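User: Hi! Could you walk me through this model, starting with the aromatic contacts?
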Amino acid sequence: MENETMAKRNISLYKKYKIFSYDFLFYYAVEVLFYTIVKGFSMSEFMYLSSFYTLSAFFWQLFGSFIVEKLGLKKSMVLGNFFVSLNCGMYIIAKSFSTFLFANFFLALGFSLKSLAEGSLLYSSLKRIGKREEFSKIEGKSNSKYYYFDAISAFLSGFLFVVNGYLPFILCFVCCVISLILSCKFEDFKKEEDYEETFSLKKMLFSLKEIVSKNRNRAMLLFAFVFWGMISVVNTLYKAIILDMGIKEQYSTIVVCLVTIFVGFGSRCFYGIEKVTKNKTLTVFSYALLASSITIGMIGAFADLSLTSLSILFVALAIVGIIQGAYRVAIKKYVLNFTTSQVRIKITSAYYIVENLGKCFILFVTGFLLEFAGNATACLVFSMFAVIVLVSILNFMKGKIGLKPEQYLPDEINNVKVK
């Protein structure tokens, strides 16, 4: 009974907590402006910083599951939020490229711990009251609330940036501190099964090898290696492209605000989207993202600033937003499905390791491409290569992911009995 009360309290708190904790607020609408205008970096340097962050996230994910298992879910969330708050504050005072690299290294630790612990705590809480099938709904609605708040913050950020380039980042820091305070109010559970685990790099690598040996996991991880990196590149380049087209800074953030609303819509409506796309969800997301990315590049490269070009551009951006919001819910469902407490953190960790490694590689390559090409041209070239890569991965995924539970071999779903 006590565990049930704790679980309900966690679920209720989680819905409020995610508004502030899912990601940075007051940040993404002005990130390109902040780095290029306030800090004086080039777009390629900005891409390199983003790439280094994801490389750092990859490094921390190697040891993240060990830290979470030793500290527990709640303490890991608190520690993660502490590092996020600390390094968000460093962004405000940092001046040199090397200082930003240092901040990104430990910021990655914070978000790595949060990514491993947050979804697992919600899933464990729901499992204890027999409602784990509601994970996607709660996660989707919680994420959507963040995105709607983020849309408001994006709208305000542009005007705040015009007043003072640091104001959006100060508010971002305040939201991180609120997230830290809320994380202290969660309650942790004892492990569902008692088992002892001692950490060693050899054991960790063996665990990863075991996870990757399963067809379902291998297909999911290969897709993860590419897809989130693609979304990250498109999300960064479109902000630079609309500035190149002649849209003023304060109005460019209104575009980001509207796109963010669609991200929240996608997150909230994933359950309905999945009912339509069924087991083709990731395939539909892939082709829609590719088409949108090509459209954004073409508008930026060949179109003048007009109502028609802006309308086409906005439709493409709205699709990217919906996909981004829905994908984060979808992939968490795929990752956490058919897991027990003994493998849940390991599989989640493996997913984020691969995702961050892929994102790091894709951002670095795009940064190198930006050394020789403009923002719109880089978007087009990137999109053409992405078509070849992503279509090949989708062909590999056929028959390995998105099946009904009874179609998998027991070992493929960790021998979990599905009712």
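**Rings, salt bridges and surface**

Analyst: Happy to! Searching the whole structure turns up 35 aromatic pairs. Rings of Phe, Tyr and Trp (its six-membered ring) pair if their centres lie within 6.5 Å; planes under 30 degrees apart count as stacked, over 60 as edge-to-face and the rest as tilted.

User: Which parts does the pair of Phe41 and Phe97 tie together?

Analyst: Phe41 is in the loop between helix 2 (31-38) and helix 3 (43-71), while Phe97 is in helix 5 (residues 97-128), so the pair ties together parts that are 56 residues apart in sequence. Helices (H or I, at least four residues) and strands (E, at least two) are DSSP runs, numbered from the N terminus.

User: Is Phe41 buried or exposed?

Analyst: Phe41 is buried, with a relative accessible area of 9%, whereas Phe97 counts as partly exposed at 27%. Buried means under 20% relative accessible area, exposed over 50%, and partly exposed in between (1.4 Å probe, protein chains only).

User: And what about the rings of Trp60 and Phe106?

Analyst: Their centres are 6.3 Å apart and their planes are at 40 degrees, so the pair of Trp60 and Phe106 is tilted. Trp60 sits in helix 3 and Phe106 in helix 5, so this pair ties together parts 46 residues apart in sequence. Trp60 counts as buried at 15% relative accessibility, and Phe106 as partly exposed at 24%.

User: Nice. Before I go on, what should I know about the model and the numbering?

Analyst: This is a predicted model, where local features need pLDDT of at least 70 and side-chain atom pairs count only at pLDDT 80 or more, while totals for chains, interfaces and linings use all residues. Residues are numbered from 1 along each chain as its sequence is written, and side-chain values use heavy atoms, with hydrogens and water left out.

User: Got it. Switching to charges: how many salt bridges does the structure hold?

Analyst: The structure holds 5, where a salt bridge is a side-chain nitrogen of Lys or Arg within 4 Å of a carboxyl oxygen of Asp or Glu. One of them brings together the side chains of Glu187 and Arg9, at 2.0 Å, N to O. That pair links distant parts of the chain, with Glu187 in the loop between helix 7 (167-183) and helix 8 (201-212) and Arg9 in helix 1 (residues 2-21), 178 residues apart. Glu187 counts as partly exposed at 25% relative accessibility, and Arg9 is partly exposed too, at 41%.

User: Where does Lys18 come in?

Analyst: Lys18 meets Glu118 in a salt bridge of 3.8 Å, N to O. Lys18 belongs to helix 1 and Glu118 to helix 5, 100 residues apart, which makes this another link between distant parts of the chain. Both Lys18 and Glu118 are buried.

User: What does Lys239 pair with?

Analyst: The side chain of Lys239 meets that of Glu31 in a salt bridge at 2.9 Å, N to O. Here helix 9 (residues 215-244), which holds Lys239, is linked to helix 2, which holds Glu31, and the two residues are 208 apart. Lys239 is buried, with a relative accessible area of 8%, and Glu31 counts as buried at 7%. There is also a network: salt bridges that share partners join Lys18, Lys114 and Glu118.

User: Back to helix 2: which of its residues are buried?

Analyst: Those are Glu31, Val32, Leu33, Phe34 and Tyr35. After helix 2 comes Gly40, with a positive phi near 80 degrees.

User: What forms the nonpolar patch on the surface?

Analyst: Ile152, Phe155, Leu156, Phe159 and Tyr251 form it, with about 460 Å² of accessible area together. Patches are made of residues with over 30% relative accessible area and no salt bridge, with like charges joined within 9 Å and nonpolar side chains (Val, Leu, Ile, Met, Phe, Trp, Tyr) within 5 Å. Helix 6 (residues 135-163) gives the most, with 4 residues.

User: And how many helices and strands are in the chain?

Analyst: The chain has 15 helices and 0 strands, and 56% of its 419 residues count as buried.

Notes: Accessible areas come from the Shrake-Rupley method with a 1.4 Å probe; for residues, only the protein chains shown count as cover.
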